[in-house]
Amino acid sequence: MSENKHIVLELTEVSLSYHSARKTFDRGRHHVLKDVSMQLYDGETLGIIGRNGVGKTTLLQLIAGILAPTRGQVKMHSGKCASLLTLGLGFKPDLSGRDNALLSAMLQGSSRQQATSFLNDIKEFSELGDSFTEPVKNYSAGMRSRLAFTTALMTHVDVLLIDEILSVGDAHFRGKALTAMQSRITGEQTVVFVSHMADQVEKMCDRVIWLEDGHIVAEGDPGEVTSAYAESVARAHNDNMAK
């Protein structure tokens with residue numbers, strides 16, 4: 001991969017920590033990420049796997065520029081990126097789904113004309129029907145998730161960040177979302193896909209990074225890394241059952 005592709009994104013010894021009142025943390029500081037270095041190559045799908053709470057979402061937020069590292073450097077060599085985890089959170093409740101989709105696409109770098117051209121596809125894929133023109137404050141959580149996912153999917157960006165998004169919505173929409181993402185990923189789209197589900201990561205990714213307690217513990221072939229991760233999860237489960 002590195003011989004044929006150029007680097008799109010690079011993290012160099014990135015750490016993130018914050019103060020906490022919990023005395024169990026190191027001198028009152030919670031270390032979310034610790035000296036993480038990684039590279040993302042043009043056109044690849046990079047999987048980030050790990051259990052809940054190990055820093056996966058924080059890593060995406062750093063890549064997206066939502067958070068700044070406590071130490072280290074996050075460098076985007078070219079283009080712009082979008083993060084599915086932030087789109088739904090940024091919706092303005094008094095605006096319609098249509099207007100929120102328009103604004104979200106423009107915030108990702110699309111012109112108003114480009115963003116407008118996406119709206120029919122967003123409405124159709126999200127299956128919102130007449131609700132597409134109603135205020136988002138009237139949406140259920142599932143409707144908001146469908147709108148957030150579809151807006152990011154239909155908007156053309158250089159780097160697409162996905163945070164457990166394929167687990168949202170009902171079974172019908174999850175299957176539809178998975179098919180759409182697989183189609184997008186098998187093209188030229190550059191993707192960072194975060195999940196705790198080893199089978200999804202192995203199936204969809206070219207390379208995988210296993211994150212544990214804020215550290216990278218393994219990186220490389222999807223089959224090898226996800227197998228090691230699954231074995232670790234199984235051991236931890238058995239240890240807990242034995243207690």
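A polar contact here is a pair of N or O atoms within 3.5 Å; within protein, one must be able to donate a hydrogen and the other to accept it, and residues adjacent in sequence count only if both atoms are side-chain atoms. By that rule, the side chains of arginine 207 and glutamate 44 are joined by a polar contact of 2.6 Å.

A word on the source. This is a predicted model, in which local features need pLDDT of at least 70 and side-chain atom pairs count only at pLDDT 80 or more, while totals for chains, interfaces and linings use all residues. Residues are numbered from 1 along each chain as its sequence is written, and side-chain values use heavy atoms, with hydrogens and water left out.

**The chain overall**

There are 8 helices and 9 strands in the chain; helices (H or I, at least four residues) and strands (E, at least two) are DSSP runs, numbered from the N terminus. Of its 243 residues, 45% count as buried, where buried means under 20% relative accessible area, exposed over 50% and partly exposed in between (1.4 Å probe, protein chains only). Take the contacts (heavy atoms within 4.5 Å) between residues at least 6 apart in sequence: 69% of them join residues at least 24 apart.

An open sheet is built from 3 strands in the order 2-1-4, with antiparallel pairing. Strand 2 (29-41) and strand 4 (71-76) are at the edges with a single partner strand each, so one side of each has no neighbour in the sheet. From one strand to the next, the twist averages 15°. Two strands count as paired if DSSP finds at least two bridges between them; strand 1 (residues 7-19) and strand 2 have 9 bridges.

Helix 1 (residues 56-64) lies across strand 1, strand 2 and strand 4, and runs at about 60° to strand 2. Axes are lines fitted to C-alpha atoms, for helices over the stretch in contact, and angles run from 0 to 180 degrees between N-to-C directions.

**Two nonpolar cores**

A nonpolar core is a set of buried Ala, Val, Leu, Ile, Met, Phe, Trp, Tyr and Cys residues joined through side-chain atoms within 4.5 Å. The largest has 38 residues, and Leu147 and Met181 touch the most other members. Helix 5 (residues 141-154) gives the most to this core, with 6 residues. Another core, of 23 residues, lies apart from it and includes Leu16, Met38, Leu62 and Val159.

Just after helix 3, glycine 109 takes a positive phi of about 110°.

| Residue | Strand | Relative accessible area |
|---|---|---|
| Arginine 207 | Strand 8 (residues 207-212) | 12% |
| Valine 191 | Strand 7 (residues 190-195) | 0% |

Leaving aside neighbours within four places in sequence, arginine 207 is in contact with Gln39, Leu40, Glu44 and Pro222, among others. Valine 191, with neighbours within four places again left out, is in contact with Leu40, Glu44, Thr45, Leu46, Leu160, Ile162 and Ile185. Its C-alpha atom is separated by 5.9 Å from that of leucine 161, 30 residues apart along the chain.
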